[in-house]
Amino acid sequence: MDNALVEPEIVALTADHMQAAAGIRRVALWQRLPWLPDVHTPEEEEQYWRMHLLPNCSILGAAMGNRLVGVIAYGDNWIEQLYVLPGFQGMGIGSSLLGCAKEEMNEISLWTFRRNAGARSFYERHGFTAERETDGADNEEREPDVLYHWRRLPERTVRLQPRDG
C-alpha cells in the first residue's frame, strides 16, 4: 500500500511508547544532521522522554498501521520535540502533529539547529519566524541554533453597521 495515501492516526503516547519516541528522535536527527555529536546513549534518551517529557508535556504520536512514525512533545507555549522518521517526511505527518499543538496554544516557541535547513523551512512555512540565533554555547551539542516563535493571529470580526434610514 502506498504510504502517501494513508492518513496517520494521531494518538496520545504513554510510558510504553517512550523507547519508540526516543528512537524516532535519534534516527530522524542523525539522518538529517550526521555531524552532530552523539551526547547521550539510547537509554539516556529514553529516560529523558520518560522522566522529563512525559510528566511535563503533551506527547502525541503519528502511527501508520502499527508503526509509530512521528512524535511531538509540547506544552507551556513550547515545542520540546518534533520528529518524523526520514522515510515518512514530506507526507504531512509533521504538519498534522504541529497542527495539534497549534490548536492548544496561542503562541509557541521552539529551538532548531541553524544548519537544519529542512526544519527551518518547515517551521517558516507554518508561520514561525526566527527571533534569535546563538552560537550553540548553551546547548549540549554546541551547535549554533535558532529560536523560532509563532503567535496565533487575532480572529477578525466583522461588525455590521445598521443602515441609516
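Guide: A residue is called buried under 20% relative accessible area, exposed over 50%, and partly exposed in between, with a 1.4 Å probe and protein chains only. The model is predicted: local features need pLDDT of at least 70 and side-chain atom pairs pLDDT 80 or more, while totals for chains, interfaces and linings use all residues. Residues are numbered from 1 along each chain as its sequence is written, and side-chain values use heavy atoms, without hydrogens and water.

Visitor: Why is P86 called partly exposed?

Guide: The relative accessibility of P86 is 25%, which falls between the limits of 20% and 50%, so the residue belongs to the intermediate class. P86 is located in the loop between strand 4 and helix 3. Its C-alpha atom is 24 Å from that of A15, a residue 71 positions away along the chain.

Visitor: Which residues does the UniProt domain feature cover?

Guide: The unreviewed UniProt entry places "domain: N-acetyltransferase" at residues 8–154; such annotations may be inferred rather than shown by experiment. In the model, that span is 35% helix and 32% strand, and its end C-alpha atoms lie 30 Å apart.

Visitor: What makes the phi of D76 worth noting?

Guide: Most residues other than glycine have a negative phi. D76 is not a glycine, and its phi is positive, near 50 degrees. D76 sits in the loop between strand 3 (67–75) and strand 4 (78–84), and its relative accessibility of 70% is over the 50% limit, so it counts as exposed. R142 also has a positive phi, near 60 degrees. R142 is in the loop between strand 6 (129–134) and strand 7 (145–151) and, at 53%, counts as exposed.

Visitor: How do you know how many disulfides there are?

Guide: A disulfide requires a pair of cysteine sulfur atoms within 2.5 Å, and by this rule the count is 0. The cysteine sulfur nearest to that of C57 belongs to C100, 15 Å away, and C57 is in no disulfide. For C100, the nearest cysteine sulfur is that of C57, again at 15 Å. C57 is buried at 16% relative accessible area, and C100 is buried at 19%, because both values are under 20%.

Visitor: What makes up the lining of the largest pocket, by class?

Guide: The lining has 21 nonpolar, 13 polar and 12 charged residues. Ala, Val, Leu, Ile, Met, Phe, Trp, Tyr, Cys and Pro are counted as nonpolar, Asp, Glu, Lys and Arg as charged, and the others, Gly among them, as polar. Strand 4 gives the most to this lining, with 7 residues.

Visitor: How much space lies in the largest pocket?

Guide: The space is about 1300 Å³. A pocket is an open set of points on a 1 Å grid over the protein atoms alone, where a 1.4 Å probe fits, with protein on both sides within 12 Å along at least five of seven lines; lining residues have an atom within 4 Å of a point. Of the 46 lining residues, E80, Q81, Y83, W111 and T112 are the closest to the centre.

Visitor: Why is the pair of F122 and Y123 called edge-to-face?

Guide: Rings of Phe, Tyr and Trp (its six-membered ring) pair if their centres lie within 6.5 Å; planes under 30 degrees apart are stacked, over 60 edge-to-face, and the rest tilted. The whole structure has 4 aromatic pairs. The centres of F122 and Y123 are 5.2 Å apart and their planes lie at 75 degrees, so the pair is edge-to-face. F122 is buried at 14%, as is Y123 at 7%.

How values were computed:
Helix = DSSP H or I, 4+ residues; strand = E, 2+ residues; numbered from the N terminus. Points joined across faces, edges and corners; volume = space filled by probe spheres on them.
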